[in-house]
Amino acid sequence: MAEFTPDVDPAAVGLDARRLSRIDAHLRRYLDEGKLAGCQVMVSRHGKVAHLSSLGLADLETGRPVETDTLWRIYSMTKPVTSVAAMMLWEEGAFELTDPVSKWLPEFAAPRVYVGGPAAKPVTVPATEPIRVWHLLTHTAGLTYGFHKVHVTDELHRLKGFEVGVPPGLDLAGCVRAWAEIPLSFQPGAEWNYSVATDVLGRLVEVVSGQSLDTFFAERIFKPLGMTDTAFWCPEDKHGRLAALYAAAPSARRPVRMDAVGEAFKRPPTWLSGGGGLVSSTRDYTRFTWMLLNGGELDGVRLLSPRTLDYMTVNHLPGGADLATFGRPLFAETRFDGVGFGLGFAVVLDPVAYRTLSSVGEYQWGGMASTAFWVDPVEQLSVVFMTQLMPSSAYPLRSQLRQLVYQALVD
């Protein structure tokens with residue numbers, strides 16, 4: 001398979017080249033209007049790259065352009081990788097999805113659930129159900145994020161130093177112990193809430209496998225898939241390839257540089273975030289999506305069985321509910337209407353309710369800096385979009401990209 005350039009005539013895989021050019025034209029408007037510094041998109045069908053765009057600048061201040069090998073902070077696009085890692089261990093019989101996570105993380109042996117009161121004096125009750133492995137995979141554990149800033153439990157996370165980052169010097173094990181001391185937002189399994197659940201899952205991978213998360217990823221996922229540029233930090237010899245991180249500034253003529261956050265990825269982290277810690281390239285993440293689309297195998301290397309992947313990418317929310325009815329209406333890297341959630345992925349249930357061109361069974365996720373990917377098994381399509389703009393809700397890039405890609409499908 002091609003690594004850095006389109007390797008098939010779009011027409012050969014049912015895509016109209018003229019219509020694909022609309023993607024670039026649309027994204028260039030974002031660049032011309034000063035909304036994005038630069039971006040990259042790769043469209044693949046049947047395991048062939050049909051379209052690759054590298055637009056704008058990876059660094060506005062130096063004028064460095066986006067190149068085919070530019071590196072990006074993918075934030076929550078790390079979550080599907082962690083979920084795949086966990087399910088690889090599950091396939092080996094290491095645990096059952098119904099197992100309480102306290103078997104390996106004893107700090108969760110007696111969780112309590114918030115039921116009222118202010119952050120200074122929360123009222124809690126014992127959890128009626130243990131946090132199970134499948135709760136972590138489906139974001140139904142009752143955990144949360146400090147940056148939601150909606151619920152008292154969000155505030156409790158911030159009071160302990162957890163918002164976008166974590167307290168200085170804390171490792172993953174320390175983070176998990178601290179989160180376990182905070183009351184849950186709801187009884188496990190009762191609701192869906194975007195949360196640190198995948199970071200806890202990453203710690204579970206470490207304990208069960210006996211390896212640090214970075215070692216497990218490198219040896220069991222990245223090396224087998226040829227993902228040579230994906231890691232928890234960007235080493236010095238690759239600093240010149242890492243795109244700068246920006247924040248949306250609608251009142252300004254260009255995004256605002258965020259080196260205070262972005263430069264942290266240039267050194268080894270104190271904690272390994274399975275929920276949002278990876279740096280990757282468009283080429284690398286596309287190879288990950290090819291493995292998913294190909295039923296868990298790529299170039300003769302199998303990570304998961306087809307049946308496991310099928311099981312991960314169906315809706316696991318109780319009663320077949322979508323996120324709009326079962327999820328908390330807070331920030332997440334997807335829309336809620338017509339979208340369910342599997343084991344590590346959002347899953348499209350109803351494209352009409354979703355209000356976006358897509359297929360039933362498409363699965364996807366995105367990252368805090370506006371990166372996104374989706375895999376469509378019906379159309380044998382995978383798309384990876386990279387940019388570095390926070391927050392990801394600044395512009396409707398993801399839904400617009402979908403309509404631009406699907407309108408180019410003509411077979």
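This is a predicted model: local features need pLDDT of at least 70, side-chain atom pairs count only at pLDDT 80 or more; totals for chains, interfaces and linings use all residues.
Here is a quick tour of this protein chain, from its overall build down to single residues.

Residues are numbered from 1 along each chain as its sequence is written, and side-chain values use heavy atoms, with hydrogens and water left out.

**Overall build**

- The protein chain's secondary structure comes to 13 helices and 17 strands; helices (H or I, at least four residues) and strands (E, at least two) are DSSP runs, numbered from the N terminus.
- With a radius of gyration of 20 Å, close to the 22 Å that the globule rule gives for 411 residues, the protein chain is as compact as a globular protein of that length. The radius is taken over C-alpha atoms, and the rule is 2.2 Å times the number of residues to the power 0.38.
- Along its principal axes, the C-alpha trace spans about 60 × 45 × 40 Å.
- Of the 411 residues, 60% count as buried. Buried means under 20% relative accessible area, exposed means over 50%, and partly exposed is in between (1.4 Å probe, protein chains only).
- The protein chain exposes about 15500 Å², with carbon and sulfur atoms supplying 53% of it; such areas come from the Shrake-Rupley method with a 1.4 Å probe, and for residues only the protein chains shown count as cover.
- Among contacts with a separation of 6 or more, 69% link residues 24 or more positions apart. Contact here means heavy atoms within 4.5 Å.

**The nonpolar cores**

- The largest nonpolar core has 94 residues, and W192, F217, I221 and L292 touch the most other members. A nonpolar core is a set of buried Ala, Val, Leu, Ile, Met, Phe, Trp, Tyr and Cys residues joined through side-chain atoms within 4.5 Å.
- Helix α2 (residues 79-91) gives the most to this core, with seven residues.
- Leaving aside neighbours within four places in sequence, F217 is in contact with T78, V81, T82, A85, F222, F232 and L278.
- F222 sits in helix α7 (residues 213-225) and counts as buried at 6% relative accessibility.
- Not counting residues up to four places away in sequence, F222 touches V81, F217, M227, T230 and L278.
- F222 and Y285 are 63 residues apart in sequence, yet 9.9 Å apart in space, C-alpha to C-alpha.

**A buried glutamine, and another in a helix**

- Q40 lies in strand β1 (residues 38-45) and is buried, with a relative accessible area of 1%.
- The Q40 side chain makes polar contacts with the side chains of S54 (2.7 Å) and T282 (2.6 Å). A polar contact is a pair of N or O atoms within 3.5 Å; within protein, one must be able to donate a hydrogen and the other to accept it, and residues adjacent in sequence count only if both atoms are side-chain atoms.
- Beyond four places in sequence, Q40 is in contact with residues including L52, V66, W72, V384, F385 and M386.
- Q400 has its place in helix α13 and is also buried, at a relative accessible area of 18%.
- Q400 touches H26 and Y30, not counting residues up to four places away in sequence.

- The peptide bond from M390 to P391 is cis, with omega near -5°. P391 is in the loop between β17 (389-390) and α13 (397-406).
- H139 has a positive phi of about 60° although it is not a glycine. You'll find H139 in the loop between α3 (133-138) and α4 (152-159), and it counts as buried at 2% relative accessibility.
- D299 also has a positive phi, of about 50°, although it is not a glycine. D299 is in the loop between β10 (297-298) and β11 (301-302).

**Cysteines**

- The structure holds zero disulfides, a disulfide being a pair of cysteine sulfur atoms within 2.5 Å.
- The sulfur of C234 is 20 Å from the closest cysteine sulfur, in C39, so it is too far for a bond.
- C234 counts as buried at 1% relative accessibility, and C175 counts as buried at 0%.
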